[in-house]
Amino acid sequence: MRVCSICLDGFRNYTNFSASFDPGVNVIWGENAQGKTNLLEAIGFLSGARSHRARGDRELISFQRDQGTITAQVDSRDRTFLIEAQLARGRRRKLLVNRVKLKTAAELTGIVQTVLFCPEDLALIKSGAAERRAFLDHAICQLRPRYGEALAQYHKLLDHKTRILRDWEKNPSLLEVLEDFNEAMARAGALLIHYRAHFVGKLAPRAAQIQRDFSGDREELTLSYQTVGTVRNPLGPTVSIYEDLRAHQDSHRRAELEARSCLSGPHKDDLAAWIDGQPARQFASQGQTRTAALSLKLAERELFEDDTGQWPVLLLDDVLSELDAKRQDFVLNQIRTGQVLITCCETDRLTELGKVMLIRDGELI
Ligand code: ATP
Ligand code: MG
């Protein structure tokens with residue numbers, strides 16, 4: 001899979017930009033605040049029509065404009081696709097593939113898959129469980145549409161149940177439907193746990209191997225999926241996960257009513273990480289943190305390739321800082337499969353790698 005070319009019109013600081021990319025490594029360099037991350041963001045947008053940092057389309061459209069477009073030519077599954085995203089202020093966005101309008105953004109993930117690493121991803125190791133759940137959710141959604149459906153349904157139910165638990169004292173009749181919500185949440189939740197457990201089961205050994213290669217065999221990264229305490233076997237059949245979730249809900253019923261919040265379910269899951277047996281969240285150094293976050297992403301990329309037979313486009317934003325020379329060398333020389341776009345502020349070490357593009361003030365120089 002590769003992005004052959006892209007045109008940006010009214011996207012972030014790009015007013016009229018076009019560029020073509022090499023099928024291998026592409027180095028995007030320039031000074032701070034010139035548009036390097038914006039360019040990766042636009043490419044990331046091609047998979048699933050979402051940005052890793054904008055909260056809405058409004059942020060993506062250039063300040064002085066009412067609309068913005070991303071147009072890209074992509075090779076995937078031995079075919080060529082023309083993808084167009086039209087963003088407009090105060091109107092719904094339009095997504096087209098080969099000039100045919102898509103019904104949902106999820107249809108795009110069947111065409112382009114990207115794995116992005118950006119400095120914010122250090123939070124994967126250092127922040128709370130929410131970041132790691134978001135990582136799992138985003139990755140599995142790209143691979144399994146059914147997971148995306150179950151996730152959306154679970155969140156809807158969770159919102160509703162949270163409101164019931166918040167308001168039941170004022171309005172006790174709400175409790176009549178609480179059981180129905182528990183039942184539906186356990187059904188959707190069992191699917192989430194099933195998919196997450198299988199995904200982590202494959203991710204963990206890959207990430208550990210990458211961390212070893214990255215660190216010259218010095219570091220052992222251990223990942224483990226942590227879910228609702230009563231679930232005996234997250235890898236087992238969904239019916240038994242469902243029963244275990246029901247048992248947990250029953251034993252937490254009183255506590256949930258008292259706490260007025262939803263205490264039981266996979267919305268509290270975590271993907272715990274240790275380096276050499278120590279919890280990475282507390283003890284990893286800056287370089288180790290970056291290495292581990294990147295190992296997770298590179299492992300995710302391998303799982304995509306296993307699953308689809310194609311390497312997703314790898315977007316590496318500002319990945320080299322804080323890494324020592326050996327680890328930088330790993331990033332620059334060991335990732336040799338699939339298309340890679342990497343941003344940096346200097347090119348001393350990068351010139352022999354592949355296509356080099358200089359970006360200045362939203363233009364290709
Ligand atoms: P750094 O090396 O510091 O990470 P960068 O090249 O990655 O820099 P970007 O994050 O791509 O920089 O941002 C470039 C510029 O784009 C910023 O100065 C920002 O103000 C501008 N920008 C962001 N959103 C918009 C927008 N909607 N319209 C116009 N300009 C924008
Ligand atoms: Mg940047």
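Leaving aside neighbours within four places in sequence, glutamate 300 is in contact (heavy atoms within 4.5 Å) with Val115, Phe135, Ala139, Phe199 and Leu203. Glutamate 300 is found in helix α10, where helices (H or I, at least four residues) and strands (E, at least two) are DSSP runs numbered from the N terminus. This is a predicted model, in which local features need pLDDT of at least 70 and side-chain atom pairs count only at pLDDT 80 or more, while totals for chains, interfaces and linings use all residues. Residues are numbered from 1 along each chain as its sequence is written, chains are lettered from A and ligands numbered from 1 in the order in which they are written, and side-chain values use heavy atoms, with hydrogens and water left out.

- Glutamate 300 is buried yet has no salt bridge, and the nearest side chain of opposite charge, lysine 297, is 4.9 Å away.
- Here buried means under 20% relative accessible area, exposed over 50%, and partly exposed in between (1.4 Å probe, protein chains only).
- A salt bridge is a side-chain nitrogen of Lys or Arg within 4 Å of a carboxyl oxygen of Asp or Glu; for charge, Lys and Arg count as positive and Asp and Glu as negative, with His and the chain ends not counted.
- Aspartate 317 is likewise buried with no salt bridge, its nearest side chain of opposite charge being arginine 53, 6.1 Å away.
- Aspartate 317 sits in the loop between β12 (313-316) and α11 (325-334).
- The side chain of aspartate 317 makes polar contacts with the side chains of threonine 37, at 2.8 Å, and threonine 343, at 2.7 Å.
- A polar contact is a pair of N or O atoms within 3.5 Å; within protein, one must be able to donate a hydrogen and the other to accept it, and residues adjacent in sequence count only if both atoms are side-chain atoms.
- Not counting residues up to four places away in sequence, aspartate 317 also touches others, including Leu40, Phe117, Cys118 and Pro119.

- Beyond residues up to four places away in sequence, valine 331 touches Phe214, Leu294, Leu316, Val319, Leu320, Leu323 and Ile342.
- In α11, Arg327, Gln328, Phe330, Val331 and Leu332 are buried, and the buried residues of this helix pack against α7, α10 (286-308), β12 and β13 (340-344).

**Around ligand 1**

- Of the 16 residues around ligand 1, Ala33, Lys36, Thr37, Asn38 and Ile61 come nearest; a residue counts as near if one of its heavy atoms lies within 4 Å of the molecule.
- An oxygen atom of ligand 1 is 2.7 Å from an N or O atom in the side chain of lysine 36.
- A polar side-chain atom of asparagine 32 lies 2.9 Å from an oxygen atom of ligand 1, and one of arginine 12 lies 3.2 Å from a nitrogen atom of the ligand.

**Salt bridges**

- The model's count comes to 24 salt bridges.
- One of them joins the side chains of glutamate 41 and arginine 12 (2.7 Å, N to O). Glutamate 41 lies in helix α1 (residues 36-45) and arginine 12 in the loop between β1 (2-9) and β2 (17-20), so the pair ties together parts that are 29 residues apart in sequence.
- Glutamate 41 counts as buried, at 1% relative accessibility.
- Aspartate 57 forms a salt bridge with arginine 93, with the closest N and O atoms 2.9 Å apart. Aspartate 57 is in helix α2 (residues 57-60) and arginine 93 in the loop between β5 (79-88) and β6 (94-97), so this pair ties together parts 36 residues apart in sequence.
- Glutamate 258 and arginine 254 meet in a salt bridge (3.5 Å, N to O); being four residues apart in helix α8 (residues 238-259), they are separated by about one helical turn.
- Glutamate 258 is exposed, with a relative accessible area of 57%, and arginine 254 counts as exposed at 53%.
- Salt bridges that share partners join Arg12, Glu41 and Arg53 into one network.
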